[in-house]
Amino acid sequence: MTALLLNHLWQSTLCAGGAGLLVLALHRNGANVRFWLWFAASVNFLVPFAALSALGAYLTPIVPPATLPVMVPAVTLVEPLAVPFSAPVLALPEAAMSAAPVPTDLNLGVLLVALWAAGFLAIVLRWALRWSQVHRLLRDAQAVPVDAPVAVKFSASRLEPGLV
């Protein structure tokens, strides 16, 4: 289960990065192009690639490969040669023996999930900070008396026009 989750995370992150690069490359196009690129990247987060692969395998007929005779060469097993080996034993200093053991195996999966979670948290915090700035600007903006189906407000900030 963890392997499937890690695969989904790195594939979705790679897809989002590719969508971001495409959005930057297509910045002169209309907003609808950028919207559909980000929408496609978002759908990838909802539907794991493994599920799409399984659906494709289910919908595609599988043709069995032709069976060919296999030639297996004869193998002779030989007993390993027993050679005695001894290495000199070095005396360790007392400080080295009392030190805490250093873990030698690093769980790469846990490290990658922690790195991804840190990036996710940084993006969420950045989004929350920007949203609070927009909310503060909306609160301080002046209402404009215009006959429109939505409330129109004016702010002296350098924020570009937007719909909130």
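**Close-up 1. Val47 in the loop between α2 and α3.** In this predicted model, Val47 sits in the loop that joins α2 (31-46) to α3 (49-59), where helices are DSSP runs (H or I) of at least four residues, numbered from the N terminus. Val47 is partly exposed, its relative accessible area being 31%; partly exposed lies between buried, under 20%, and exposed, over 50%, with a 1.4 Å probe and protein chains only. Residues are numbered from 1 along each chain as its sequence is written, local features need pLDDT of at least 70, side-chain atom pairs count only at pLDDT 80 or more, and totals for chains, interfaces and linings use all residues. Side-chain values use heavy atoms, with hydrogens and water left out.

**Close-up 2. The nonpolar surface patch that includes Val47.** Phe35, Trp36, Phe39, Val43, Leu46 and Val47 make a nonpolar surface patch of about 620 Å² (residues with over 30% relative accessible area and no salt bridge, nonpolar side chains being joined within 5 Å; a salt bridge is a side-chain nitrogen of Lys or Arg within 4 Å of a carboxyl oxygen of Asp or Glu; areas by the Shrake-Rupley method, 1.4 Å probe).

**Close-up 3. Arg34 in helix α2.** Arg34 belongs to helix α2 and is partly exposed, with a relative accessible area of 26%. Although Arg34 and Gly20 are 14 residues apart in sequence, their C-alpha atoms are 9.2 Å apart in space.

Key
Patches are made of residues with over 30% relative accessible area and no salt bridge: like charges are joined within 9 Å, nonpolar side chains (Val, Leu, Ile, Met, Phe, Trp, Tyr) within 5 Å. Helices (H or I, at least four residues) and strands (E, at least two) are DSSP runs, numbered from the N terminus.
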